[in-house]
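Q: Please take a close look at one part of this model and describe how it sits within the chain.

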Amino acid sequence: MFRRTFWFTAGAAAGVWATAKVNRKIKQLTPESLAAQAADKAVVAGHKLKDFALDVREGMVRREAELGEALGLEAPVDPDLPVQRHFAVEAAEPDGRKTPARYRKLPYNSYNRNEDH
């Protein structure tokens, strides 16, 4: 009698355990849960990418300083000198005379697919 009770209890416990495990797995595979998992992984990947970009930028600054020191470009800048402006686009009138620089306004729709590279 004790033997039957033991195996009945063991079987019932295994059934409860298996049912709970299957229900937990089914909840993990719902569309909402999968979307949440994907979003969490995307956030983690974004943080890793940001850390990588910051490390690269730090290395670039360090290397630029080394090159500037090696080439003697570390001369102090005179604050009285005017800052040279770089114009993106210089437009000319149809008659050939120059006008003040005009900048492209966004959104600028171009069909040149190599323009953003």
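**A nonpolar patch and its helix**

A: Leu-49, Phe-52, Val-56 and Met-60 make a nonpolar surface patch of about 430 Å². Areas follow the Shrake-Rupley method with a 1.4 Å probe, and for residues only the protein chains shown count as cover.

The model is predicted: local features need pLDDT of at least 70 and side-chain atom pairs pLDDT 80 or more, while totals for chains, interfaces and linings use all residues. Residues are numbered from 1 along each chain as its sequence is written, and side-chain values use heavy atoms, leaving out hydrogens and water.

Leu-49 is found in helix H2, and its relative accessible area of 57% makes Leu-49 exposed (over 50%; buried is under 20%, partly exposed in between). Helix H2 spans residues 31-71 and also holds Ser-33; helices are DSSP runs of H or I with at least four residues, strands runs of E with at least two, numbered from the N terminus. Ser-33 is buried because its relative accessible area is 19%. Beyond residues up to four places away in sequence, Ser-33 touches Lys-27 and Gln-28, contact meaning heavy atoms within 4.5 Å. A polar side-chain atom of Ser-33 lies 3.2 Å from the backbone oxygen of Gln-28.

As for the whole chain, 3% of its 117 residues count as buried, and its secondary structure comes to 2 helices and 0 strands.

Key. Buried < 20%, exposed > 50% of the residue type's maximum accessible area, 1.4 Å probe, protein only. Polar contact = N/O pair within 3.5 Å; in protein donor to acceptor, adjacent residues only side chain to side chain. Patch = residues over 30% accessible without salt bridge, like charges linked within 9 Å, V, L, I, M, F, W, Y side chains within 5 Å. Salt bridge = Lys/Arg side-chain N within 4 Å of Asp/Glu carboxyl O.
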